[in-house]
Amino acid sequence: MTERTGGCLCGAVRYTIAIDPPMQAVCHCKNCQKQAGSAYSMLVGVPESALTVTGTPKVYMDKGDSGSAVTRQFCGTCGSPLFSLVESAPGMVFVKAGTLDDTSDFKPQVQVWTKSRQNWVDLGPVPGFDTVPG
């Protein structure tokens with residue numbers, strides 16, 4: 001097991017992930033594009049119990065493309081997106097992989113909401129799903 005650390009741009013919010021992430025993904029949904037300010041969001045999914053946070057993120061309540069509630073957490077000082085909690089995946093937290101101190105071992109296993117993918121994005125052999133697989 002490798003402990004992973006990360007945080008926001010200004011350092012006001014820091015976190016530690018105590019397990020090897022069981023899920024690494026890319027989300028192409030329109031809301032992730034808007035939140036990330038990019039073509040997609042890189043996510044590391046871990047059980048909430050494996051995440052320790054110092055500092056207090058701000059919260060924005062959102063609805064995903066599926067209609068499920070999405071709690072988006074970000075730094076109130078610098079605005080860095082940090083975590084998403086999705087109603088349809090209770091007990092899991094999706095850490096924005098770009099906020100990891102070391103992203104060298106991020107390798108997405110899947111991409112979701114490819115029906116919203118920007119037409120110039122090609123992640124090669126990473127399996128994709130139009131929405132979220134069941």
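**Strands, burial and enclosed space**

Modeller: Serine 41 has a relative accessibility of 3% and therefore counts as buried. Please keep in mind throughout that this is a predicted model.

Biologist: In which strand does serine 41 lie, and which side chain does its own side chain meet in a polar contact of 3.0 Å?

Modeller: Serine 41 belongs to strand β4, which covers residues 41–47. Leaving aside neighbours within four places in sequence, serine 41 is in contact with Ala25, Val26, Cys27, Cys32 and Lys96. The polar contact of 3.0 Å joins the side chain of serine 41 to that of lysine 96.

Biologist: Over how many bridges do β3 and β4 pair, and which residue in β4 is the bridge partner of valine 26?

Modeller: As a general point, strands of a sheet pair through backbone hydrogen bonds, either parallel or antiparallel. Here β3 and β4 pair in the antiparallel sense, over five bridges. Within β4, the bridge partner of valine 26 is methionine 42.

Biologist: Do β3 and β10 run parallel or antiparallel, and which residue of β10 is the bridge partner of cysteine 27?

Modeller: Three bridges join β3 to β10, and these two strands run parallel. In β10, the bridge partner of cysteine 27 is valine 112.

Biologist: Are the residues on the two faces of β3 buried or exposed?

Modeller: In a regular strand the side chains alternate between the two faces of the sheet. In β3, Met23, Ala25 and Cys27 lie on one side, while Gln24 and Val26 lie on the other. Five of the five residues of β3 are buried, and the strand is mostly covered. For both faces, then, the answer is buried.

Biologist: What is the relative accessibility of cysteine 27, and which residues does cysteine 27 touch beyond four places in sequence?

Modeller: Cysteine 27 lies in strand β3, and its relative accessibility of 6% is why it counts as buried, the cut-off being under 20%. The C-alpha atoms of cysteine 27 and threonine 99, which are 72 residues apart along the chain, are separated by 16 Å. Not counting residues up to four places away in sequence, cysteine 27 touches Cys32, Tyr40, Ser41, Leu43, Val112 and Trp113.

Biologist: Where does tryptophan 113 lie, and what is its phi?

Modeller: Tryptophan 113 has its place in the segment after β10. With a relative accessible area of 10%, tryptophan 113 is buried. Although tryptophan 113 is not a glycine, its phi is positive, at about 60°.

Biologist: What is the volume of the largest pocket, and which residues are the closest to its centre?

Modeller: The volume of the largest pocket is about 550 Å³. The lining comprises 23 residues, and β3 (23–27), β7 (69–74), β8 (81–86), β9 (92–96) and β10 (110–112) each supply at least two residues to it. The closest to the pocket's centre are Val86, Phe94, Val112, Trp113 and Val132.

Biologist: How much space lies in the largest cavity, and which residues line it?

Modeller: With a threshold of 30 Å³ or more, the count comes to one cavity. About 40 Å³ of space lies in the largest cavity. The residues that line the largest cavity are Arg4, Pro21, Gln24, Val44, Leu100, Asp105 and Phe106.

Conventions. Residues are numbered from 1 along each chain as its sequence is written. This is a predicted model: local features need pLDDT of at least 70, side-chain atom pairs count only at pLDDT 80 or more; totals for chains, interfaces and linings use all residues. Side-chain values use heavy atoms; hydrogens and water are left out. Helices (H or I, at least four residues) and strands (E, at least two) are DSSP runs, numbered from the N terminus. Buried means under 20% relative accessible area, exposed over 50%, partly exposed in between (1.4 Å probe, protein chains only). A polar contact is a pair of N or O atoms within 3.5 Å; within protein, one must be able to donate a hydrogen and the other to accept it, and residues adjacent in sequence count only if both atoms are side-chain atoms. Contact means heavy atoms within 4.5 Å. On a 1 Å grid over the protein atoms alone, a cavity is a set of points where a 1.4 Å probe fits but cannot get out, and a pocket is an open set with protein on both sides within 12 Å along at least five of seven lines; lining residues have an atom within 4 Å of a point. Grid points are joined across faces, edges and corners, and a volume is the space filled by probe spheres set on the points. Two strands pair if DSSP finds at least two bridges between them.
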